[in-house]
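Hi,

Here is the model I said I would pass on.

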Amino acid sequence: MSKELRQIQDNLEAIKKVSNDQEMLEFWSARDLMPVLGYLTWRQFSDAIARAKESCKISGQSIDNHFLRASEFLPTPAKTPEGRPRENYFLTRYACYLIAQNGDPKKEQIAFAQSYFALQTRNQELLEERIQLMERLQAREKLAAT
């Protein structure tokens with residue numbers, strides 16, 4: 001794996017969060033992901049999110065399962081004690097993948113993120129193939145023993 005791909009992987013792992021419940025689900029904050037993918041403004045990044053959400057919908061996945069809308073409050077002067085709201089999303093790994101695939105291809109970070117997710121997908125496929133092979137071998141051994 002190249003240095004750049006390793007950097008993307010390290011950055012994604014550094015900003016990953018895990019839910020506190022029994023399921024321990026992985027998720028990412030869109031605000032944290034934005035600079036990792038080379039975006040400087042939320043406006044530009046939200047365009048990539050909108051394209052990713054559309055891709056999610058067209059592929060038959062539930063947008064709400066992968067792009068959970070969240071609000072944060074930024075501190076402001078004493079006028080508003082609760083702060084100023086700002087939009088955010090909590091994202092699944094699949095949502096991060098879709099954002100990378102629908103991001104600005106001129107950004108170097110997007111290109112490396114696309115490569116990273118392609119490699120991760122292939123690694124997952126190989127792992128699943130290996131598990132199936134192991135299960136098949138165990139079934140054969142069990143059948144031979146009986």
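**Helix packing and cysteines**

Helix H5 (residues 93–101) packs against helix H6 (residues 108–145) at an angle of about 135°, and their axes are 8 Å apart. Axes here are lines fitted to C-alpha atoms, for helices over the stretch in contact, with angles running from 0 to 180 degrees between N-to-C directions. Helices are DSSP runs (H or I, at least four residues) numbered from the N terminus. H5 and H6 are therefore oblique to each other; angles under 35 degrees count as roughly parallel, over 145 as roughly antiparallel, 65 to 115 as roughly perpendicular and the rest as oblique.

Before going on: this is a predicted model, where local features need pLDDT of at least 70 and side-chain atom pairs count only at pLDDT 80 or more, while totals for chains, interfaces and linings use all residues. Residues are numbered from 1 along each chain as its sequence is written, and side-chain values use heavy atoms, with hydrogens and water left out.

Back to H5 and H6. On the H5 side, Arg 93, Cys 96, Tyr 97, Ala 100 and Gln 101 meet Ile 110, Ala 113, Gln 114, Tyr 116 and Phe 117 of H6 (contact means heavy atoms within 4.5 Å). Those residues split into seven nonpolar, two polar and one charged. For the classes, Ala, Val, Leu, Ile, Met, Phe, Trp, Tyr, Cys and Pro count as nonpolar, Asp, Glu, Lys and Arg as charged, and the others, Gly among them, as polar.

H5 also packs on helix H3 (residues 42–58), at about 115° with the axes 8 Å apart, so H3 and H5 are roughly perpendicular. From H3 come Phe 45, Ala 48, Ile 49, Ala 52, Ser 55 and Cys 56, and from H5 Tyr 94, Leu 98 and Ile 99. This contact has eight nonpolar residues, one polar and no charged.

H6 has another partner in helix H1 (residues 3–15): their axes come within 9 Å and cross at roughly 80°, which makes H1 roughly perpendicular to H6.

And the cysteines? There are zero disulfides, a disulfide being a pair of cysteine sulfur atoms within 2.5 Å. The sulfur of Cys 96 has its closest cysteine sulfur 12 Å away, in Cys 56, which is too far for a bond. Cys 56 is buried, at 0% relative accessible area (buried means under 20%, exposed over 50%, partly exposed in between, with a 1.4 Å probe and protein chains only). Cys 96 counts as buried too, at 2%.

Cheers

Conventions:
Helices (H or I, at least four residues) and strands (E, at least two) are DSSP runs, numbered from the N terminus.
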